[in-house]
Each structure stands twice: as structure tokens, then as C-alpha cells.
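Reader: I have the sequence and the model open side by side. Could you walk me through how to read them?

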Amino acid sequence: MHKAIVPKYLQEFRCDGQKCPDNCCEGTWTIFVDEPHYKRVKRVTDTEIKPIIDQYYKRNRSNPTKESFGKLLQDKQKNSCAFLTEDKLCRLQAKLGPEYLCNVCMLYPRRTNFIKGLPIERSLSLSCPLAAELVLLNEAGLEFEETTLDLHGRDFFTKRIDLDAVNAKRQDLAYFMELRAFSVQIIKTRDLELWKRLVILGMFYNKVQEYLDANEAEKIPEEIERYTRMIVQGMFNELLDEIPVESVLQMKLSKEIIEHKVFSGSNEGFSKAFWNFLQGIGFDLKDTDEENATRYQEAYQQWYQPFMQSREYILENYLVNYAFSRMFPLTEEDSPLSSYAMLIVHFAMIKMLLIGNAAFHKEAFTESHIIEILQKFVKAVEHNPKFVDFIYKQLKKNDFLSMAHMAILIRN
Ligand code: SF4
């Protein structure tokens, strides 16, 4: 048994492939198979299963690791896993038992992170619709607990970190646990509107970056205390209200990034959310950016804001889950400020899609639409490291990694 920190929702999760609206065994993917399970499956002699194994289990010849030793290919005709039965069950598991499932199939949608010397961490990926519903609709907010986990010999980690080693490049990581806990605390400060919490988080990381640039990382704990006091005393409120609303830039950047994803290939649900967004705000190529942005802002005022103001906890839960499972502010390797920028870009893209979709569905817009959009977003964006890298390069190229630009993306 291993000591672990997990969100409390974890124990409530149950996969139900038969009820699932976006079964992970369907769609386009290739699954990497770890070496022990690849070899075990390849030894199977069962006459019903063996032909499927021979056809769809292949060696991975491009930079294989222990975890990506083999590949489970998709059945292109069925557009699903070849082992998926008509009643949405796994034939491999049913016939041979779960010990034949590779690590990815066995553990999804769980993400398990290993931080050397600390309890392991496990959470759920919101690319699974049932996980998304469970996590996002938790009105009371996400809570964490210490527990123990039996890995059943499956020591397969989404992220494996030795903080001492990364700390040589990133001095802030001497305070990784404090920084992440404080970030989650700010994101959960419900006395403030969500956009204000995110701007405060950015101001804080701006300060952290200044300390790092001056080789003064030891001042970080003091800064956490100072920000905690200032938030309690309500010292940010007036300052934040002065931040201007810049819809043109906000919509332009988020739209460009999402457009790239849609045109370079993404899941159907994600593309649908994008087209609904365009239709919802009445986007017209013939109009100027200002005209389109005016309609975008109107959609925000008329449809998004009235619906979302009592449901900010949904986006809060998304952000808390992101911060925990992706080990924020270690999401980007180069600096905490870059990690913050990426968090904000994810938030801005989701918000933009929701604004357009709220205007598209009008009175019929419901929480189910939000869950579906977020789940498709995570599936299309967060599961695609190349695309995340593209976003980061775009931000850098356009000199967008500053606090001023981040504030523009946050506020409507
Ligand atoms: S997406 Fe989630 S609920 Fe659906 S089959 Fe996969 S693990 Fe189960």
C-alpha cells in the first residue's frame, strides 16, 4: 500500500461503458501498451481472441519505452477498439480477466502522479464524461484527503517528478507544495468572482517570478502570507474593477487557437462546440473584429453571465482539478509564470466556447451542455501535447506571456 493524496470524489467514480455517452474504447486513437502486458497478451492461445490480438497488437518501433513497448491499434472499420463488443464491454477483459489489460486501459481515466519522497497523487481526467460530470457538478467544491492506494503492481505514472532535480532549474519548486496549495486556495476563494481570483493568482505569480529573477526564492513563503492577508482584507477589489474589458483581443486569440485545432483535426464534439460558438455570436467574416467582438460581448451579457453567475463552481472545479492533476505551477517547465499563462489560456478558450454556446442554445442552455463542452475540450486539447506546445509557442511568439495580456483574456 502507498500513502496517497486524492480528491474525495475519486472513491465515487464508477466506469459504466454501457451508459457512457463517449465511450473511451470508441473513436480515433492508438493505445501504447506496456511491455509486461504486451508480452502476456501475445502469449494468449485462445482461438477466439488470438486472431484479434495478432491483427491489432503491434510492436511500437518509434522510440519505444517500457510503457510504450507495443501498440493497440484501432479497428478503423468499427471506429473503435477491436475488442469492444456490441453491448459496450471489453472482450479481452471478459474472456481473460483484468490482468490482461494494459496499464492505459486498466487505469484510464485515472491520472497518477509520483513525486519522489511524497505521497502519490491520483485524480480523474475530465476527458471521461462520467468523471467530468462527477467532478464538475460538485457544488460544494473539490476537497482532498490523505489515504492509501494499492497500485496492484501497476506503477504507471502520468507524471514522475524528482523535485530536487527540477529545483536546480526552478528554485520556486523548493516550495512546490506550498505554491500549489496556495493557488488552489485562491481559485476557491468564493467571496470573489472567479475572474478576480484568477487575476490575483497572476499578480502573485508575477511577484514570484520577480523573486526568481532576483535569485530570492526564499521570499516566496512570505509572499504567500502577504497575499493571504491582502485577500482577507479585501484589498484587491477596487484595483481589479479598473481592469478594462478588451473583448476584441480576447476573442481573437482564443478563436485563432481553437480554429487551428478544429482545422488540424479534433473530435466531433469539440468541432461542434466551435461551430455553435460561431453561430451563437453571429460571427461573420465580412464584419470587422470590433463588430464580431461586440456581438461576443453581448452574448456574454445576455446569455452566459445570467446562467453562469450561480454556477461558477463548475469552472472553479475544472481549474482546481487542473491545478492538482497537472501539478501546477509545474505544468510548464520553464517558469511558474508560463504555467499560469497556460492555465489562463485554457480558461479563456473554455469561456469563449461557453459564451457562444450559451447564445446558441439560449433558454435551452443547461449544465449538461457545459459538461459536454468541457469534456470534449479536455479530450481534444489536454490530451494532445503537440497542440498544447503549439499554444505555448503562439503565446510566446505574440509576446502574450505578460500579466497585462492574461488579464485581458480573463475579464469580460
Ligand atoms: S469514458 Fe469513462 S465512463 Fe466511458 S467507458 Fe471510458 S472510463 Fe468508462
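Author: Let us begin with helices and strands: helices (H or I, at least four residues) and strands (E, at least two) are DSSP runs, numbered from the N terminus. Y300, for example, is found in helix α13 (residues 289-308). Residues are numbered from 1 along each chain as its sequence is written. This is a predicted model, where local features need pLDDT of at least 70 and side-chain atom pairs count only at pLDDT 80 or more, while totals for chains, interfaces and linings use all residues.

Reader: Is Y300 buried or exposed?

Author: The general idea is to count neighbours. A residue is buried if 20 or more other C-beta atoms lie within 10 Å of its own, exposed if 12 or fewer, and partly exposed in between, with C-beta atoms placed from the backbone. Y300 counts as buried because it has 25 C-beta neighbours inside 10 Å.

Reader: Which residues does Y300 touch?

Author: Two residues are in contact if their C-beta atoms, placed from the backbone, lie within 7 Å. Not counting residues up to four places away in sequence, Y300 touches Q305, I355 and N412. Between Y300 and Q93 there are 47 Å, C-alpha to C-alpha, and the two are 207 residues apart in sequence.

Reader: How do I check the length of a helix, say α15?

Author: The expected span of a helix is 1.5 Å times one less than its number of residues. Helix α15 (residues 336-361) has 26 residues and should therefore span 38 Å; its end C-alpha atoms are 37 Å apart, which agrees. Of those 26 residues, 24 are buried, leaving α15 mostly covered. Just after α15, K362 takes a positive phi of about 50°.

Reader: Which residues touch the most other members of the largest nonpolar core?

Author: A nonpolar core is a set of buried Ala, Val, Leu, Ile, Met, Phe, Trp, Tyr and Cys residues joined through C-beta atoms within 7 Å. In soluble globular proteins, nonpolar side chains tend to be buried together. Here the largest core has 101 residues, and I344, L353 and L374 touch the most other members. Helix α15 provides the largest share of this core, 18 residues. Domain 1 (25-107) and domain 2 (166-412) both give residues to the core, so it lies between them. Those domain bounds come from an automatic or database domain assignment. The centres of the two domains, taken over C-alpha atoms, are separated by 37 Å.

Reader: What is L374 in contact with?

Author: Leaving aside neighbours within four places in sequence, L374 is in contact with L126, A132, L136, Y318 and I350. Helix α5 (residues 129-136) has 7 of its 8 residues buried, so it is largely enclosed by the rest of the structure.

Reader: Which residues surround the ligand?

Author: A residue is near a molecule if its C-beta atom, placed from the backbone, lies within 6 Å of it. The shell consists of C15, D16, G17, C20, D22, N23, C24, Y108, P109, C128, P129 and L130. To sort them, Ala, Val, Leu, Ile, Met, Phe, Trp, Tyr, Cys and Pro count as nonpolar, Asp, Glu, Lys and Arg as charged, and the others, Gly among them, as polar. That divides the shell into 8 nonpolar, 2 polar and 2 charged residues.
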